[in-house]
Amino acid sequence: MTEEQKVILVADDDKDLVTALSIRLRAQGHLVVEAYDGEQAFQVAQENKPDLVILDVRMPAGGGFAAIDKIKHSLSTRAVPVIFLTAFDDEEMREHARQLGAVGFFRKPFDDGEFMGAINSALGS
Amino acid sequence: MKAYRIVYLGSDSDFLSSLESSLQQVGWPILREPGDADGTRRALTFNPDLVLWDCDNDQPGEGFPLEMLRGAGFTTQPVMSVVRRDDPRSTINSLAGGAADYIAKPLSEMPVPRLLAALNSGRRQLRIDWFGRVVDESNNQVKGMLANLSDPAYVVKPDYQILWMNRAAEEIFGEGQRGGTCHHVFYERTEPCEACAKSEGMARWRAALKNGKTYRFVSVLARNGKGEIERVVAGTDITPDEEVQKIHKTFVANVSHDLRTPLAAIDQYVSILNDGLAGELTDEQKAYIDIIQRSSFRLHNLVENLIDANKILSGEFKLRMEVVKIEDVLGLVLESLKAQAADRGLEIQTQVAEALPPVYVDRARIAQVIANIAGNSIKFTEQGMIQIRAGFMPRDDGKVMVSVEDTGIGIPREDLGKIFELFYRVENDQVYVEEGAGLGLSISREIIRTHGGTLWAESMEGAGSAFHFTLPVHSGERQDAAGAQGL
């Protein structure tokens with residue numbers, strides 16, 4: 001591995017999607033940690049101090065918005081970039097995510113090139 | 001005075017020469033064509049502002065052919081009938097059939113004022129009669145009684161000064177508001193509302209009023225008994241619908257969410273397999289994965305189209321406007337269109353006029369329109385080519401016109417007026433088309449309409465089709481209206 005290994009948290013209640021993203025991100029040399037609800041996403045973020053968080057919006061136990069709110073208010077994770085990945089198509093939601101500090105907002109099904117590009121640029125910063 | 005372009009569809013040479021000499025005095029060009037399909041097609045390329053239809057063209061028992069003319073591409077122009085002075089039956093038939101007005105022949109007076117009135121009134125003339133009734137002048141039908149409506153109605157001058165309110169409006173806004181301006185008195189705004197300011201004819205909007213109810217308003221420009229233009233506004237209480245709409249909106253949001261979620265997973269696993277992350281694939285496996293990917297893409301398009309159609313029906317359709325060059329919009333879709341065309345052995349040619357000013361549009365939506373109509377062209381063309389051209393609209397440099405022309409199977413005349421309807425599909429024995437729910441064109445027309453443009457089609461069965469749309473060029477003031485534009 002030539003690059004430094006990055007830790008990415010993928011949180012989505014669609015476990016099939018989490019598994020797929022994990023396989024692909026691991027193939028790119030990243031370390032992936034997984035969560036399946038909002039509360040778990042925050043806990044896993046606290047434990048692993050990831051370099052990037054990918055969050056679904058609608059999840060059990062608070063969902064993605066509650067999770068980002070806690071992540072951004074925790075000293076140890078406040079600087080971690082967050083990208084949202086949701087099947088909702090809603091301008092207000094996009095704006096809300098931006099205000100909560102997200103650096104990206106992708107709608108499922110997403111353009112793979114753009115999504116991977118956003119991940120790389122978030123990891124680079 | 002602007003030189004209006006007039007088309008006369010008919011074969012009465014005496015009438016034509018007297019009309020020509022009248023129009024020469026004001027410098028208006030006129031084109032004469034017979035009232036058949038070829039003549040109509042040629043007339044369309046003349047790009048007229050007004051169409052004169054000679055009722056001598058009609059077979060006995062045939063009604064005024066307004067729908068046919070609209071379907072042939074005269075989508076917005078006022079259509080006037082030309083009738084014999086001694087033939088009241090044709091006069092009445094044509095007015096009942098939607099003619100904006102009629103001209104009697106032989107001409108006994110200068111026809112220009114009458115043509116001007118029709119040009120200014122657009123397709124339909126509404127007026128308020130002495131009894132406060134709304135009368136559609138094209139067929140003299142009473143549309144309703146403003147005074148007695150239980151919902152608010154009012155009449156304002158073109159400068160928005162209130163002339164008259166019905167009792168329901170007075171109950172909401174109070175009496176004695178005459179003379180104030182409507183946007184100020186009714187909506188507490190300093191500037192006229194966008195819906196009216198932007199529209200040249202009919203405007204629609206929704207508003208929540210002081211009484212806690214929500215209304216859908218429609219306003220039309222109408223001519224009063226003295227020939228002065230007034231804006232007539234009538235509201236419909238839609239408060240009970242709001243709750244239903246909220247439920248409907250949530251339902252659609254959830255359904256589309258749940259349809260998209262598995263599509264994302266399918267795409268990801270296709271990528272995993274394609275990238276060889278689950279082992280090397282045989283050629284046969286690769287071919288099957290291509291099919292999965294194509295099917296997923298089609299399902300994706302269908303879901304997005306259904307969501308768009310729903311937004312249109314519920315008035316939730318929003319645009320993200322920006323100043324952009326039309327060639328950049330074209331660039332978003334050209335590569336994939338060329339690939340689609342190449343698969344069918346077809347060529348796509350593009351031509352963009354030099355020094356074309358930018359347009360103020362939602363680039364993704366306009367790209368969607370181009371992809372849709374050019375995609376249709378590719379689908380329905382067996383051999384030949386597809387041409388995409390962008391230039392100024394002939395004789396109107398305030399508009400950019402984009403045309404997609406093909407050498408395909410064409411559209412039957414009886415279908416031409418219907419292809420823009422939701423869920424309409426042309427039945428065709430020659431070509432079996434597996435995709436499509438009949439949504440693309442109606443969505444496209446709505447997208448163009450919300451941009452202040454027009455989308456229309458012309459076609460000859462067996463020879464090809466041409467779809468054209470116009471967009472207003474970007475001008476400074478337009479930027480003030482930036483932001484999401486609802487319907």
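## A walk through chains A and B

Start with chain A: of its 125 residues, 40% are buried. Keep in mind as you click around that this is a predicted model.

Now colour chain A by secondary structure. Trace the chain from the N terminus and the elements come in the order β-α-β-α-β-α-β-α-β-α. Next, turn to the contacts in chain A between residues at least 6 apart in sequence: 59% of these link residues at least 24 apart.

Time to bring in chain B. Where the two chains touch, chain A supplies 17 residues and chain B supplies 17 residues. Which helix gives the most to chain A's side of this contact? Select residues 15–27 of chain A: that's helix α1, and it contributes 7 residues. Sorted by class, chain A's side holds 9 nonpolar and 8 charged residues, with no polar ones.

Now hop over to V51(B), L52(B), V79(B) and M80(B). These are the residues with the most contacts inside the largest nonpolar core, which has 74 residues. Then select residues 363–379 of chain B, helix α12, the top contributor to this core with 6 residues. Why does the core lie between domain 1 and domain 4 of chain B? Because domain 1 (6–121) and domain 4 (322–481) both give residues to it.

Zoom in on V51(B). Leaving out residues up to four places away in sequence, V51(B) touches V7(B), L9(B), L69(B), F74(B), Q77(B) and V79(B).

Last stop: a second, separate core of 38 residues. Pick out L17(A), A20(A), V32(A) and A265(B), which are among its members.

Technical notes. Residues are numbered from 1 along each chain as its sequence is written. Chains are lettered from A and ligands numbered from 1 in the order in which they are written. This is a predicted model: local features need pLDDT of at least 70, side-chain atom pairs count only at pLDDT 80 or more; totals for chains, interfaces and linings use all residues. Two residues are in contact if their C-beta atoms, placed from the backbone, lie within 7 Å. Helices (H or I, at least four residues) and strands (E, at least two) are DSSP runs, numbered from the N terminus. Ala, Val, Leu, Ile, Met, Phe, Trp, Tyr, Cys and Pro count as nonpolar, Asp, Glu, Lys and Arg as charged, and the others, Gly among them, as polar. A nonpolar core is a set of buried Ala, Val, Leu, Ile, Met, Phe, Trp, Tyr and Cys residues joined through C-beta atoms within 7 Å. A residue is buried if 20 or more other C-beta atoms lie within 10 Å of its own, exposed if 12 or fewer, and partly exposed in between; C-beta atoms are placed from the backbone. Domain bounds come from an automatic or database domain assignment.
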